[in-house]
Every structure is written in C-alpha cells, then in structure tokens.
Amino acid sequence: MAAAAAGPGPASGSAPAAKEALPPALGSTSQPPPVFDGTTRNFKGLQDKIKLVAIDLQDKPAWYKEKVYPQGTVPSLEHNNEIRGESLDLIRYIDSNFDGPALLPEDAAKRHFADELISYADAFTKALYSPLMAHADVSDEVVAALDKLEAALSKFNDGPFFLGQFSLADIAYVTILERVQIYYSHLRNYDIAKGRPNLEKFIEEMNKIDAYTQTKNDPLFLLDLAKNHLKIA
C-alpha cells in the first residue's frame, strides 16, 4: 500500500518515534514510484507497513493524475488495488478498515457529534481561507467559525479535545488550524486563539502528541507556501 502526501513533510501521523525523513518530493520529471504492500499508519501505530510518497504541489508530476488519482489531489491512499482520496474520507476509512487504536468512541452521542464536526470541516476551511484568498481583513465569518470551534470544544468535559479524548474529530481540524494560526498571525496580525481558551488548550495539548508533532511542517515553509500561492511579496 502507498500513500501520497504533500511534500516536503508527511501528511499522516505516526507512533512515538524519531521524526520520519521522507525521500525528496516527486516533481513533474520524476518517475512513478512502486506500490508497496502494507496497512495503514495514520495515527494507528502501523507506520512501518506503509510507504509515504511526497508530492511537490508546486510541480506536480503528470502521472499522478493520469495513473494514480484522477482528481489530482493529495493525500491519496492505495489499498486492495483501489485508490482512495480526500482527507476527511481517508481518516474515516483508515479508522474503520485497519488495526490499531480506535479513533472514535463507543458512546453514541460522541460519535454523532464527531460526524457533525467532520461534516463541518470543509465549511470551516472555506471560511478561514476566503479572506486570505481575497486579500481581505478578518471577516465576521472567520470569527464565527472560530467561535463555533471554541464552543464545540466545551461540549464534553472529560478532556481537552472535541470528544473529550483524542479522536478523528481532532485529526480533521488540527492541520488546518496549524496552518491558519500561522497565516493569520503573520499576514493579518490576528491570533486565532486569543480570547478562546478552549482552542488555545486544544492546540497546546495537540502539540504534546508525538503522532501529530512528527507530521508538522516547518512554519516558515508553510508561510512561504502561502505567500507564493497568494502572490504576497
């Protein structure tokens, strides 16, 4: 099994260990990599049984869309001779189809709330990115979206995460929060966690989880990527 991730850092989690060094990101002149047999790794403790392949998003190889994943987006996952994509779909698929710690609780109310949160993730991402793409100030929609997460983080009081304990719901949001925290701080002088103690605590606790911190990109790399995409000098 192989998974394609955005270069230069991996896009999925791993069990506590030294940070994995990916091979150089594959660009437009690279040859397709072989497909490796194995199982999942994303926060499930099976990172030794899957091959991560970094894709250069600024110079994406044509064969990726033609031969791997027609939609052309990353991440994608090959399993049982089928290619699957879309981040939110993949985290559900991986948790449901592979061994390792369950990332959804048995509690029906928490599972329902997780479904609601994961379904909202795309709308949250759009709300946070729209002002950046439009070179606009922090909008009411940004404030409302962040306040919605702040409220969601208070629904269960048995831990600092969305469902109390760490789950798929946290995985669905942590990467976008990592990025917009950097973007809004540097590009809009706006701290997304200021006045939102639940969100601040969430980010603090996520940064204590090895399986997440090993996947983080260098903040300056993310900022340069954003400036290039938004055409900001």
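## Where α5 meets α6

In this predicted model, Asp170, Val174, Leu177 and Gln181 of α5 meet Leu199, Phe202, Ile203 and Met206 of α6, a contact here being heavy atoms within 4.5 Å. By class, the contact of α5 with α6 has 6 nonpolar, 1 polar and 1 charged residues. For these classes, Ala, Val, Leu, Ile, Met, Phe, Trp, Tyr, Cys and Pro count as nonpolar, Asp, Glu, Lys and Arg as charged, and the others, Gly among them, as polar.

Two packed helices are described by the angle between their axes and the distance between the axes. For α5 and α6, the axes come within 11 Å and cross at roughly 100 degrees, and the two helices are therefore roughly perpendicular to each other. Axes are lines fitted to C-alpha atoms, for helices over the stretch in contact, with angles from 0 to 180 degrees between N-to-C directions. Angles under 35 degrees count as roughly parallel, over 145 as roughly antiparallel, 65 to 115 as roughly perpendicular and the rest as oblique.

## How the model is read

Residues are numbered from 1 along each chain as its sequence is written, and side-chain values use heavy atoms, with hydrogens and water left out. Since this is a predicted model, local features need pLDDT of at least 70 and side-chain atom pairs count only at pLDDT 80 or more, while totals for chains, interfaces and linings use all residues.

## The chain overall

The chain has 8 helices and 4 strands, and along the sequence they follow the pattern β-β-α-β-β-α-α-α-α-α-α-α. Helices (H or I, at least four residues) and strands (E, at least two) are DSSP runs, numbered from the N terminus.

Of the 233 residues in the chain, 46% are buried, where buried means under 20% relative accessible area, exposed over 50% and partly exposed in between (1.4 Å probe, protein chains only). The chain exposes about 12,100 Å², and carbon and sulfur atoms supply 51% of that area; accessible areas come from the Shrake-Rupley method with a 1.4 Å probe, and for residues only the protein chains shown count as cover. Among contacts with a separation of 6 or more, 69% join residues 24 or more positions apart.

## α3 and its two partners

Helix α3 (residues 108–133) packs with helix α4 (residues 140–152) at an angle of about 155 degrees, their axes 9 Å apart. That makes α3 roughly antiparallel to α4. The crossing is left-handed, a term used if the near helix is turned anticlockwise from the far one by less than a right angle (right-handed if clockwise). On the α3 side the residues are Phe113, Leu117, Tyr120, Phe124, Ala127, Leu128 and Pro131, and they meet Glu141, Val142, Ala145, Leu146, Lys148, Leu149 and Ala152 in α4. This contact has 12 nonpolar, no polar and 2 charged residues.

With helix α5 (residues 168–187), the axis of α3 comes within 10 Å and crosses at roughly 5 degrees, and α3 and α5 are therefore roughly parallel to each other. The residues of α3 that take part include Leu117, Tyr120, Phe124, Leu128 and Pro131, and those of α5 include Ala172, Ile176, Val180 and Tyr184. By class, the contact of α3 with α5 has 18 nonpolar, 1 polar and 1 charged residues.

Helix α2 (residues 87–97) has Leu88, Leu90, Ile91, Tyr93, Ile94 and Asp95 as its buried residues. They pack against β3 (76–79), β4 (82–85), α3 and α5.

Gly85 lies in strand β4 and is buried, with a relative accessible area of 10%. Not counting residues up to four places away in sequence, Gly85 touches Tyr69, Pro75, Ser76 and Leu90. Gly72 sits in the loop between α1 (62–68) and β3 and is buried too, at 6%. Leaving aside its neighbours within four places in sequence, Gly72 is in contact with Lys60, Tyr64 and Lys65.

## Positive phi in two loops

His135 is not a glycine, yet it has a positive phi of about 55 degrees. This residue is found in the loop between α3 and α4, and at 48% relative accessibility it counts as partly exposed.

Asn189 also has a positive phi, near 50 degrees, in a residue other than glycine. Its place is in the loop between α5 and α6 (197–206), and at 73% relative accessibility Asn189 counts as exposed.
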